[in-house]
Amino acid sequence: MKKDTQLAELGRKAVHEPKIVNVPLHRASTVLFDSLAEMRATQGAWGADEQVPTYGVFNMPQEVALANAVAELEGGYRAVTFPSGLAAVAGALLACVNAGDHVLMTDSAYAPGRQFAASFLTRFNVAIEFYDPAIGAGIKALMKPNTTVIYTESPGSHTFEMQDIPAIAEVAHAHGALVIMDNAWATGYFFNAFLHGVDIVVQPATKYYAGHSDVLLGLVIASERTWPQVKDVAIRLGQRASPDDCFLTLRGMRTLGVRLRQHEASTLPIVQWLASRPEVARVLYPALPGDPGYALWKRDFTGASGLFSVELKPCSRTQLAAMLDDYAHFGLGYSWGGFESLVAPANIDNARSVHPWRGGPLVRYHVGLEDAEDLIRDLEAGFERLNAV
Ligand SMILES: *Cc1c(COP(=O)(O)O)cnc(C)c1O
């Protein structure tokens, strides 16, 4: 062989394939076949239930391992990965709608998902109507002959309203419509959406599944009945997560249970402490007794995660900045679900149409895995800075 041929052909086979604990990382565009017969046999198998790898990220071992693991944990049938949670939101909706359909979407849905529906789907003659997250069985009054999807998220983004998912699912199914749920806050660990009537679950694994603030990844998890349309949309859009990101997400998922139990254990005393502060008008967290969503949370969920909002009593922007700028442990930044504590002002002025926010300044916190007493001291120092202005 000449050097140029060597460069192309050497180093492509492992001398030994060790039997390691985790699924090894496969980075690939092309998959090679041993014969024309084998190649032909896998034609059209991209989305087949046999999950055969044929090309690129479609059905590569890492992706299949992650998708199957999450599907089982969430109580669904099969799943596909997307390169972000937002891509998964878009993918789930696109899997369900046709031109001429009417979609009911909760007013408290993740804002970029709302925008995808309201500004993008509408271009294809899909009508989007937002509804009160607390509507429950009352959603029946909003159903139209062409309503095909009810989109839910419980608790909702930033304002944490609980939804009566079983009641909504009953209305949807009596009508022949599907229920999609964004299950980011609880994950399948604390809420089995499929057992409560949901047909398709969206999971921004960027948050708790990956859990380490180093990955963007989304999944759409389907029931057996909705799987054909979900796998079809993933293939048509050409959207999958990279093997590296699937690897990191699987790795993060190993500790999902211990992390969520710790997020919950730290968050409960913190929200109770916050609720007693004179600067606070209200804590928005469904696992806090007295929260409007408490009864539904207790009925349907088996735990609570570390994300909540605080409505402050009226204060100036300068006071708010004094409090937020100098936290020692709560980083000022978007996202949540990692091991670390975060804070961000919840700007929902353009993200509500049924119930525009009329309360005081709203701040969203994520309680990470730091010691809860250290976090309370950090929050206390923040209030002192606010009061000193
Ligand atoms: C963050 C988030 C998403 C989107 O996930 P990305 O991976 O950041 O695109 C979707 N839904 C909810 C509820 C979220 O909080």
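View 1. The model is predicted: local features need pLDDT of at least 70, side-chain atom pairs count only at pLDDT 80 or more, and totals for chains, interfaces and linings use all residues. Residues are numbered from 1 along each chain as its sequence is written, and side-chain values use heavy atoms, with hydrogens and water left out.

**View 2. A salt bridge links R299 and D164.** The closest N and O atoms of R299 and D164 are 2.8 Å apart. A salt bridge is a side-chain nitrogen of Lys or Arg within 4 Å of a carboxyl oxygen of Asp or Glu. Between domain 1 and domain 2 the count is one salt bridge.

View 3. Domain 1 covers 3-253 and domain 2 covers 256-388, with bounds from an automatic or database domain assignment. Their centres, taken over C-alpha atoms, are 28 Å apart. Domain 1 gives 36 residues to the contact and domain 2 gives 41 residues, where contact means heavy atoms within 4.5 Å.

**View 4. Buried area at the interface.** About 3400 Å² is buried between domain 1 and domain 2, 61% of it on carbon and sulfur atoms. Buried area is the accessible area (1.4 Å probe) that two parts lose on being put together, summed over both.
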